[in-house]
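Hello,

Here is the structure I promised to pass on to you. Have it open while you read, and my notes on what turned up follow below.

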Amino acid sequence: MRNRLKVLRAERDWTQADLATAVDVSRQTINAIEKGKFDPSLPLAFKFSRLFDQTIEQIFFADDDE
Amino acid sequence: MNCTVSTKKSMSRLAIATAAWLLSTAVATFGSMLLWPDQQLVKILVLLLNLVLGGVMIEVNRRYVLALDELQQKIYLQASAISLGVAVIGGITYSLADTTNVIPFDAEISVLIMLVGITYLVSMIIATRRYQ
């Protein structure tokens, strides 16, 4: 699964640590999600959705999606 | 591994609980040999204290795992699964080696504990690197 977390974070000039604190996970977890090495749970995806004020589909999408 | 505030607190509690259990284990071991070798009641009380502190450590460890975030829990689960497998398979093989006299010495539980500890440590390092 791919995502736009890095772009959304950069738009706000946040570090991985800032984002990690905002959604209450470790910086390592943010890094793994951004690199596509770890897929977040639905509750964590909702946290990102609320934080960036975007739907989950606008942030996360399947590898084969355009 | 970077930690959240709740994880750091849980880790501190786990470190304290582990230190208390280790201390009680040392007291139970060396106290019974050197300080009260003939006092059965004291030996039993110290052993009971060691058992209670061990139970506390298990509960604190459970809470520590619950305080981890989802990736950390996944890494912990993988390392625990490998460690449990090594403990069961390694323990049975080691015991069999003793009972069938393949090894010229008695199988000691401390060897198994060290093996499990090292396995857990290596598994944690490998799993953590995999997600970097």
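Let me start with residues 44-64 of chain B: this span is 100% helix and 0% strand, and its end C-alpha atoms lie 30 Å apart. Please keep in mind throughout that this is a predicted model.

Why pick out that stretch? In an unreviewed entry, UniProt lists residues 44-64, 76-97 and 109-127 of chain B under "transmembrane region". Residues 76-97 of chain B also come out as 100% helix and 0% strand, with 30 Å between the end C-alpha atoms.

Next, the helix pairs of chain B. Helix α1 (residues 5-35) of chain B and helix α2 (residues 40-67) of chain B have axes that come within 9 Å and cross at roughly 160°. Angles over 145 degrees count as roughly antiparallel, so α1(B) and α2(B) are roughly antiparallel. Their crossing is left-handed. Sorted by type, the residues of the contact of α1(B) with α2(B) are 16 nonpolar, eleven polar and three charged.

The other pair is helix α3 (residues 70-99) of chain B with helix α4 (residues 109-130) of chain B; here the axes come within 8 Å and cross at roughly 150°. By that angle, α3(B) and α4(B) are therefore roughly antiparallel to each other as well. In this case α3(B) passes α4(B) in a right-handed crossing.

Four residues from domain 1 of chain B and five residues from domain 2 of chain B make up the contact. On the side of domain 1 of chain B that touches domain 2 of chain B, three residues are nonpolar, one is polar and none is charged.

Now to chain A. UniProt lists residues 5-59 of chain A as "domain: HTH cro/C1-type", again from an unreviewed entry. That span of chain A is 69% helix and 0% strand, and its end C-alpha atoms lie 7 Å apart.

Happy browsing, and write back whenever you like.

Best wishes

Key:
Residues numbered from 1 in each chain as written. Chains lettered and ligands numbered in written order. Predicted model: local features only at pLDDT ≥ 70, side-chain atom pairs only at ≥ 80, totals over all residues. Axes fitted to C-alpha atoms, helices over the stretch in contact; angles between N-to-C directions. Helix = DSSP H or I, 4+ residues; strand = E, 2+ residues; numbered from the N terminus. Parallel < 35°, antiparallel > 145°, perpendicular 65-115°, else oblique. Left-handed = near helix turned anticlockwise from the far one by under 90°. UniProt positions renumbered as here; feature names shortened; annotations may be inferred. Contact = placed C-beta atoms within 7 Å. Nonpolar A, V, L, I, M, F, W, Y, C, P; charged D, E, K, R; others polar.
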